[in-house]
Amino acid sequence: KMTQQMRDLQLAQARKPPGPSSPNAAKRLYRNLSGKFRVNYTSFDEGSLVGRGDKEKLRKSYLFQSNAALFEAVELQDLDRVQEMLKHYSPEELDLNTPNSEGLLPLDIAIMTNNAPIARALLQAGAKESPHFVSLESRSLHLSTLVREAEQRVNELMAQVVNEAPNADCSEKEKQLKAWEWRFRLYKRMKAGFEHARVPDAPSSVHLSVASSSSLQVTFWEPLSVNSAVVTKYKVEWSCSPTFSALLGEAVIDKLKDLHFTIQGLVSGTAYHVRVSAYNMKGWGPPQASVPPFAIPSNWREYDGRAPRRRGQAEALDHLLGQVKTVHQHCICHEPCKNQPQSRKHSVSKSLKHLFHPGSKFLKTLKRGLYLTAIFYKDDNILVTHEDQIPVVEIDDTYSCLLMQDFLWLTKVSCMWDEILWLRQCVTVSQSSCSCILQTRFKMLLAISQMQGLLGIQDLGQVFFEPIKDKQGNILIVTLKEVKTNQTFESVRWVPICKLQSSRKSVSSPEEPTALDTLLISLQDKLAYHQRSSHALSPGLYLGYLKLCSAVDQIRVLVPEQLPNILCHVKIRSNPNISREEWEWLQKMASMEEPVPTEPEADRSQNPLFQELQAAIKELMTLVNISLQEAKDFRLYSQEVLDFGDQVSFLLLLPPSDDVCTAPGQNNPYTPHSGFLTLPLQIFELGEER
């Protein structure tokens, strides 16, 4: 009866019901509703329901019981169940911040029973305290009322059990008595927890750093004391006065997943003092001043008034491309082929005519020549032709020019797959020349168009950083693209990669595999490279190691295998900004001819960047397997900070000037041999841009 009355109250007032009639019933309820919930509500035949109203009732019933299960898990202090429900259900599904009929939220119960682990789990999920507790007095009065009413109910039920003869009604009243005795003990424990609590101590540490020329980053840590109640929010205050006599602003942080805050809209060159206070159910604790005690918003560019390197470059390039298109719009190269002289048609080889023949299709085997293959993959599946072959088209069967120049040109073309037709038409006008390079590049554009047409896909993805060659004279250029959605195609289909590798019958010997066999053998490595090359760094300031090596036809750069689109690096700190003061210090260090002496301990504490750089250099040298003794002549690049957007920046560590780029055949003492690879510089630049 009591439970039914509470449910009626909940429906009438949009509040939540109290717990079940007994602790055992509570345990059964939240066990059934935790995790995947053993009661399979989706097993109902929703198709048999009359209309949307019934479905909505089913949904509300589901949410109603999941919320009740969370309350019971918190009341019974079952951390595992609480974490399980928070993992599988959103705050909205759990109705995390809607008070029950007693005016309590799950977080209220957790903090007033001083269950810090559950309270922190709820806070991480976005839980809040009840809005009914506007003051200490209101919270104390509310708890006293709950205790008094529960005690009164216990006394009433106890009298009824004692005075009534044993029967079915008496047995029911005994169950109610046990439930209310349990709830009475819970409320008394909550009341005692509130009365014995005290305001929190100050945050254990507050770190202040310069985030930009108009903002400061505040990072803080919770109080060390475990004797006070759980902290539920923090307050950040800032002022130009060290005594905080006149506050310029404050912010309350109640989302405690990350304990940091960025103060925006500050004046560059002005010193700001910051302090942070913690709050629990007893009120605000004392503030903790930041370290350093103040900071001045600034950026390294203010040192010499330098403008951002890339400002307006993308817009300028787009404008330039638009101008080129406008000039070529009425060019003769865009006239239909039938208007061209007859001799022009005859200059096109039979192999090129074949590309436009209605019977054009993918190749099954390679003969001596240059080819293009497109790898499309999704999870563990790959796109193949209906003959279970990787899509391959021919570029040139008489290829004899220097490959690297053409290959690097093709990698640049891959940045504008949608413009292939336009590029092909523009290159056509130069076909009358005898340039082998122009002839080859025109054939590359034709092959790309054919691949796009056969697949029905414009974007062929990223070009792998080196072509595959075999001893039979074949050269295979590979493009890679990950498909995120479930797409279907007309001329190709999805098959598992392992099935393709196991079913293909090799036509070459293990000692001299063809380019296609080599591709299949190394397919997982190439897919792993492609996935890793698209990973982005988390926000922060990094220390990168620049090492180049030259060959006859190219310069290559050292990169880590795990992140090949970025130089070898370690993270210095999470704040990507270099302040004007820090940059001035770096310039001073760079101007010294002698090595930087070890600074006294007192000076180190005043210069956090010195400590951060020391630790980062040691970590980076260990990463690339270079001893600190070998690195004693290394230097920091002091011309600029490399900014990659607003969230990532790099300082560069360089070997001695004679060893930055290793000549062909030269012994290189600064290049590690495992866990790294060298990419052509142009490929690396394209990867960084992507």
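Contact in these legends means heavy atoms within 4.5 Å. The model is predicted: local features need pLDDT of at least 70, side-chain atom pairs count only at pLDDT 80 or more, and totals for chains, interfaces and linings use all residues. Residues are numbered from 1 along each chain as its sequence is written, and side-chain values use heavy atoms, with hydrogens and water left out.

**Figure 1. Overview of the protein chain.** The secondary structure comprises 22 helices and 24 strands; these are DSSP runs (helices: H or I, at least four residues; strands: E, at least two), numbered from the N terminus. Of the 690 residues, 44% count as buried, where buried means under 20% relative accessible area, exposed over 50%, and partly exposed in between (1.4 Å probe, protein chains only). Among contacts between residues at least 6 apart in sequence, 73% join residues at least 24 apart. The chain exposes about 36600 Å², of which carbon and sulfur atoms supply 52%; accessible areas come from the Shrake-Rupley method with a 1.4 Å probe, and for residues only the protein chains shown count as cover.

Figure 2. Ser-290 belongs to strand S8 (residues 288-295). With a relative accessible area of 4%, Ser-290 is buried. Leaving aside neighbours within four places in sequence, Ser-290 is in contact with Val-206, Leu-208 and Val-274. The side chain of Ser-290 also reaches the backbone oxygen of Pro-292 at 2.8 Å. This is a polar contact, defined as a pair of N or O atoms within 3.5 Å; within protein, one must be able to donate a hydrogen and the other to accept it, and residues adjacent in sequence count only if both atoms are side-chain atoms.

**Figure 3. Strand pairing in two regions.** Two strands pair if DSSP finds at least two bridges between them. An open sheet is formed by 4 strands in the order S23-S17-S18-S24, with mixed pairing. Its edge strands, each pairing on one side only, are S23 (661-662) and S24 (676-680). Strands S17 (residues 548-550) and S18 (residues 555-560) pair in the antiparallel sense over 3 bridges, and Ser-550 stands opposite Ile-555 in S18. Elsewhere, strand S9 (residues 369-378) and S11 are antiparallel partners over 4 bridges. There, Tyr-371 has Glu-394 in S11 as its bridge partner. Strand S11 (residues 392-396) is largely enclosed by the rest of the structure, because 4 of its 5 residues are buried.

**Figure 4. The enclosed helix H13.** Of the 11 residues of helix H13 (residues 403-413), 8 are buried, so the helix is largely enclosed by the rest of the structure. The buried residues include Leu-403, Met-404, Asp-406 and Phe-407. Leu-408, Leu-410, Thr-411 and Val-413 of H13 are also buried.

Figure 5. The structure holds 11 aromatic pairs. The rings of Trp-300 and Trp-583 have their centres 5.2 Å apart and their planes at 55°, so this pair is tilted. Trp-300 lies in the loop between S8 and helix H10 (313-328) and Trp-583 in helix H19 (residues 580-591), so the pair ties together parts that are 283 residues apart in sequence. Both Trp-300 and Trp-583 are buried. Rings of Phe, Tyr and Trp (its six-membered ring) pair if their centres lie within 6.5 Å; planes under 30 degrees apart count as stacked, over 60 as edge-to-face and the rest as tilted. Phe-464, Phe-465 and Tyr-529 form one aromatic cluster. A charge sits over a ring if NZ of Lys or CZ of Arg is within 6 Å of the ring centre and within 35 degrees of the ring normal. The charged end of Lys-233 sits over the ring of Tyr-279, 4.5 Å from its centre. The charged end of Arg-275 sits over the ring of Phe-244, 4.3 Å from its centre.

Figure 6. Ile-617 lies in helix H21 (residues 608-623) and counts as partly exposed at 27% relative accessibility. The C-alpha atoms of Ile-617 and Val-570, 47 residues apart along the chain, are separated by 8.3 Å. Asn-625 is found in the loop between H21 and strand S20 (635-636). Although not a glycine, Asn-625 has a positive phi of about 60°, and at 67% relative accessibility Asn-625 counts as exposed. Gln-77, in the loop between helix H3 (52-75) and helix H4 (79-88), has a positive phi of about 55° although it is not a glycine. At 37% relative accessibility, Gln-77 counts as partly exposed.
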